[in-house]
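The sequence and the structure are shown first.

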Amino acid sequence: MAGRKLAAEKGIKTNGMKEMTQKSNQPETKTASAAAMIVCPECGKETDKTVKNVCPDCFGKRLNLFDLPEVLHARICQRCGAHYYKSKWEDMGTPEEVAMLTAESHLAIPDGIENITVGMHPYARSPYIFDVLVDVEGEVDGVKYYKDAKTEVRIKREACEMCSRRAGGYFEGIIQIRANNRIPTKEEVTECLKLVEESMTAQLKKGDKLAFVTDTMTFKDGADVYIGSSKAGKHVCKHIIEVMGGTVAESYTLAGMKDGKDIYRTTFAMKLPEFKKGDVVYFEDKVIEIKNCGKRVTGINLMNSSNFFIDGEHFKGAKLLGNTADAKETVLVSVEEHGIQILDPETFETVTIQKPMSFNALPGSEIKVFKTEYGIFAL
Ligand SMILES: [Zn+2]
Ligand SMILES: [Zn+2]
């Protein structure tokens, strides 16, 4: 079990400092007592050292080095582990640490004791009842005294304020997941919800206790995610845009009053980009297969197999021709230096089309082609 020494934390004088105080404040007593034996007025014993005018033993009998209640109570949240400390719910570590902290905060050491060292040793009697052995060592007039005692810390499990709110369906914001000019696919919605979870967990770890999802509703055209913290909502949307692209617009609605203040809820209207991976679009006289449509749009120009990239902001007015998922299989008739001959998948006429950059299919085999009003392209 972990013990702990608290001397340094409590700002108690160190050895070096204490020696200095003694030398400057009480040099006479020391010299005098060293020179002659004194009779203790309490027990009559001869002593060469006195503490507050009696012998060290007699003083030790009067001295109470610390007070500590026999039983102490602590509260922790059974959902998130937060500890109720100094009228606030705070993250305080393990129940064992909570037990030590509780004992420490009830430990009363009288004034006038120097060089205090405190040791704490918790022993678990059950997961939520700890015996904490406390030992204190301190000095009075240069004489060391020691005391130990045991306290029982009973930890009560309950729900903290934040976890109660969560259980009560509290929410500060709604993230609306939609797509620009289209309906997002089921996969996209699933991916977005995964990113929401990821980002919320990160915010919770950073200390935003309201970073939780209260409720999720999915519809034909997307999903609505009810979230506990609108601050976390901002991070969530940023994270989704980083990964999937798109935009977000925030708006606020008055949701009521609390303690005389207006309470607002934030709506994050997210729009996934108009085009997704595999979409084939016509843009500025090019036919482009989209690879990624985020802040930066990347793809392949199917007309000459070159790479295509452009800043998302400038990718305006593209026309959707279809998706490579709808490509058709057709027979490769022959392969020439710059072109290939295939059967048109609709008319079955032999046509010559552009040969893709790296192309190694053999005549007679089936290849995937995509037919558009701008020509047929081998994928
Ligand atoms: Zn005495
Ligand atoms: Zn909690």
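Helices of at least four residues and strands of at least two are DSSP runs, numbered from the N terminus. On that basis, serine 87 is found in the loop between E5 and strand E6 (88-91). The model discussed here is predicted.

**Backbone features**

Most residues other than glycine have a negative phi. Serine 87, although not a glycine, has a positive phi of about 55 degrees. Asparagine 53 is not a glycine either, and its phi is positive at about 75 degrees. Asparagine 53 is found in the loop between strand E3 (46-47) and helix H3 (56-62). Serine 87 counts as exposed because its relative accessibility of 59% lies over the 50% cut-off. Asparagine 53, with a relative accessible area of 63%, is likewise exposed.

**Zinc site**

Which residues coordinate the zinc ion (ligand 2)? The donors are the SG atoms of Cys77, Cys80, Cys160 and Cys163, at 2.3 to 2.4 Å. The angles among the four donor atoms are 105 to 112 degrees, and the site of the zinc ion (ligand 2) is tetrahedral. In sequence, the donor residues follow the spacing C-x2-C-x79-C-x2-C. Distant parts of the chain are linked by the pair of cysteine 80 and cysteine 160, which are 80 residues apart. Cysteine 80 belongs to the loop between strand E4 (71-77) and strand E5 (82-85), whereas cysteine 160 belongs to the loop between strand E9 (143-158) and helix H5 (161-167).

| Residue | Relative accessible area | Class |
|---|---|---|
| Cysteine 80 | 35% | partly exposed |
| Cysteine 160 | 1% | buried |
| Asparagine 53 | 63% | exposed |
| Serine 87 | 59% | exposed |

Cysteine 160 is classed as buried because its value of 1% is under the 20% cut-off. Cysteine 80, at 35%, counts as partly exposed because that value lies between the 20% and 50% cut-offs.

**Five-stranded sheet**

An open sheet is formed by five strands in the order E22-E21-E20-E23-E24, and the pairing is antiparallel. Strand E22 (350-354) and strand E24 (375-378) stand at the edges; each has a single partner strand, so one side of each is left without a neighbour in the sheet. From one strand to the next, the twist averages 50 degrees. Strand E21 (residues 339-343) and E22 run antiparallel and are joined by five bridges. Which residue in E22 stands opposite isoleucine 342? The residue there is valine 351.

Technical notes
Residues are numbered from 1 along each chain as its sequence is written. Chains are lettered from A and ligands numbered from 1 in the order in which they are written. This is a predicted model: local features need pLDDT of at least 70, side-chain atom pairs count only at pLDDT 80 or more; totals for chains, interfaces and linings use all residues. Side-chain values use heavy atoms; hydrogens and water are left out. Donors are N, O and S atoms within 2.8 Å of the metal (3.2 Å for Na, K and Ca); water is not among the atoms, so sites may look incomplete. Four donors count as tetrahedral if all angles lie between 85 and 135 degrees; four count as square planar and six as octahedral if opposite donors are over 155 degrees apart and all others between 65 and 115; anything else is irregular. Buried means under 20% relative accessible area, exposed over 50%, partly exposed in between (1.4 Å probe, protein chains only). Two strands pair if DSSP finds at least two bridges between them. Axes are lines fitted to C-alpha atoms, for helices over the stretch in contact, and angles run from 0 to 180 degrees between N-to-C directions.
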